[in-house]
Amino acid sequence: MKSDFKAGTSYVDHRDIPHRLKFEYSHRLKDPTQKSLEALQALLEHFTRPVMDSRELMKQVAETVCKHFGIDNCAMGVKSPEDGLYRYIILVGFREDAAQNQLKLEYTYDQFVQAGQFNGTLISKYSKIYLAEDNEYREVEKLAYNRPLLLGLRRRSLNDSLEADYIDTYIFGQNEELLGWIEYSGTRTGKLPDAATIRWIEAAAAVISAAIRCELVKKGPNPPEEVKTSA
């Protein structure tokens with residue numbers, strides 16, 4: 001550092017700036033926003049690979065949702081081009097028996113967008129919350145929960161998360177075609193996911209949408225061939 005004898009002002013050496021920024025970038029404790037941006041950047045790196053695999057991307061999103069945001073379980077499903085039904089293909093954080101029951105489930109487009117069998121409330125254009133008190137579930141759906149014995153517990157505060165609560169974030173294609181959905185429930189704190197978590201998952205859904213559409217352009221509409229699960 002040198003001093004300007006006329007103004008009495010001290011100056012810094014500009015060559016130190018890159019070193020300071022590099023150190024802060026790599027070592028300084030990061031706030032949640034920085035960590036979320038890093039996680040999103042990691043997803044975008046899939047587009048630099050020679051071959052795009054949307055299922056690998058979806059699995060990474062589900063694992064990030066559980067690990068980074070403290071979500072108990074995250075599932076993803078897509079629309080089958082063969083019969084137009086929506087089925088799960090990615091399951092993270094589920095017990096094996098719950099996962100196997102989850103794979104038996106299938107839904108129509110109307111079940112996502114119309115009130116009836118499943119009663120939910122839109123909290124944004126992209127996400128809908130389903131609360132335990134508003135829904136009755138088929139036996140196969142009850143078996144798809146990690147802790148079915150906890151179904152029926154009462155809520156004590158507006159932030160409490162019950163076993164049967166879950167949020168769906170839609171994966172939209174062109175003209176708002178429903179390509180699939182991200183479903184997540186339960187948190188390590190026992191509270192509902194916060195707004196920042198939901199917004200990040202909505203951004204991840206947009207990345208998945210772009211990946212699916214890239215695959216469709218290159219290969220044509222082929223149904224997913226495998227299911228990836230992770231406890």
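Colleague: In which loop is the place of Leu-105?
Modeller: The model before us is predicted. Within this model, helix H4 covers residues 96–102, and strand S5 covers residues 106–107. The place of Leu-105 is in the loop between H4 and S5.

Colleague: Does Leu-105 count as buried or exposed?
Modeller: A residue counts as buried under 20% relative accessible area. Leu-105 has a relative accessibility of 4%, so the term that applies to Leu-105 is buried.

Colleague: What distance separates the C-alpha atoms of Leu-105 and Tyr-88?
Modeller: Tyr-88 belongs to strand S4, residues 86–92. Along the chain, Leu-105 and Tyr-88 are 17 residues apart. Their C-alpha atoms are separated by 7.5 Å.

Colleague: Is Lys-104 buried or exposed?
Modeller: Lys-104 also has its place in the loop between H4 and S5. The limit for exposed is over 50% relative accessible area. Lys-104 has 58%, and therefore Lys-104 is exposed.

Colleague: Which kind of pair do the rings of Tyr-88 and Tyr-107 form?
Modeller: The structure holds 12 aromatic pairs. For Tyr-88 and Tyr-107, the ring centres are 6.3 Å apart and the planes stand at 80 degrees. Planes over 60 degrees apart have a name of their own, so this pair is edge-to-face.

Colleague: How many residues apart are Tyr-88 and Tyr-107, the pair that links distant parts of the chain?
Modeller: Tyr-88 is in strand S4, and Tyr-107 is in strand S5. Tyr-88 is buried at 5% relative accessibility, and Tyr-107 is buried at 10%.

Colleague: Which residues form one aromatic cluster?
Modeller: Tyr-88 and Tyr-107, the edge-to-face pair, both belong to this cluster. The complete list is Tyr-86, Tyr-88, Tyr-107, Phe-112, Tyr-126, Tyr-170, Phe-172 and Trp-181.

Colleague: How are H2 and H3 oriented to each other, roughly parallel or roughly antiparallel?
Modeller: Two packed helices are described by the angle between their axes and the distance between the axes. Helix H2 (residues 32–44) and helix H3 (residues 54–69) have axes 10 Å apart, at an angle of about 165 degrees. Angles over 145 degrees fall into one class, and H2 and H3 are therefore roughly antiparallel.

Colleague: By class, how many residues of each kind does the contact of H2 with H3 have?
Modeller: From H2, the residues in contact are Pro-32, Lys-35, Ser-36, Ala-39, Ala-42 and Leu-43. From H3, they are Leu-57, Gln-60, Val-61, Thr-64, His-68 and Phe-69. Sorted by class, these residues are seven nonpolar, four polar and one charged.

Colleague: What is the value of phi near which Asn-175 lies?
Modeller: Asn-175 has its place in the loop between strand S8 (166–172) and strand S9 (178–187). With 80% relative accessibility, Asn-175 counts as exposed. Phi is positive here, in a residue other than glycine, and lies near 55 degrees.

Colleague: Does Glu-176 count as buried, partly exposed or exposed?
Modeller: Glu-176 lies in the loop between S8 and S9. Although Glu-176 is not a glycine, its phi is positive, at about 60 degrees. Its relative accessibility is 47%, so Glu-176 counts as partly exposed.

Colleague: Which residues does Ser-185 touch, not counting residues up to four places away in sequence?
Modeller: Ser-185 lies in strand S9 and is buried, with a relative accessible area of 11%. The C-alpha atoms of Ser-185 and Ala-75 are separated by 9.1 Å, although the two residues are 110 apart along the chain. Beyond four places in sequence, Ser-185 touches Ile-71, Asp-72, Asn-73, Asp-165 and Tyr-166.

Colleague: What percentage of the residues in the protein chain do buried residues make up?
Modeller: The protein chain has seven helices and 10 strands. Of its contacts between residues at least 6 apart in sequence, 60% join residues at least 24 apart. Among the 231 residues in the chain, the buried share is 40%.

Definitions and conventions
Residues are numbered from 1 along each chain as its sequence is written. This is a predicted model: local features need pLDDT of at least 70, side-chain atom pairs count only at pLDDT 80 or more; totals for chains, interfaces and linings use all residues. Side-chain values use heavy atoms; hydrogens and water are left out. Axes are lines fitted to C-alpha atoms, for helices over the stretch in contact, and angles run from 0 to 180 degrees between N-to-C directions. Helices (H or I, at least four residues) and strands (E, at least two) are DSSP runs, numbered from the N terminus. Angles under 35 degrees count as roughly parallel, over 145 as roughly antiparallel, 65 to 115 as roughly perpendicular and the rest as oblique. Contact means heavy atoms within 4.5 Å. Ala, Val, Leu, Ile, Met, Phe, Trp, Tyr, Cys and Pro count as nonpolar, Asp, Glu, Lys and Arg as charged, and the others, Gly among them, as polar. Rings of Phe, Tyr and Trp (its six-membered ring) pair if their centres lie within 6.5 Å; planes under 30 degrees apart count as stacked, over 60 as edge-to-face and the rest as tilted. Buried means under 20% relative accessible area, exposed over 50%, partly exposed in between (1.4 Å probe, protein chains only).
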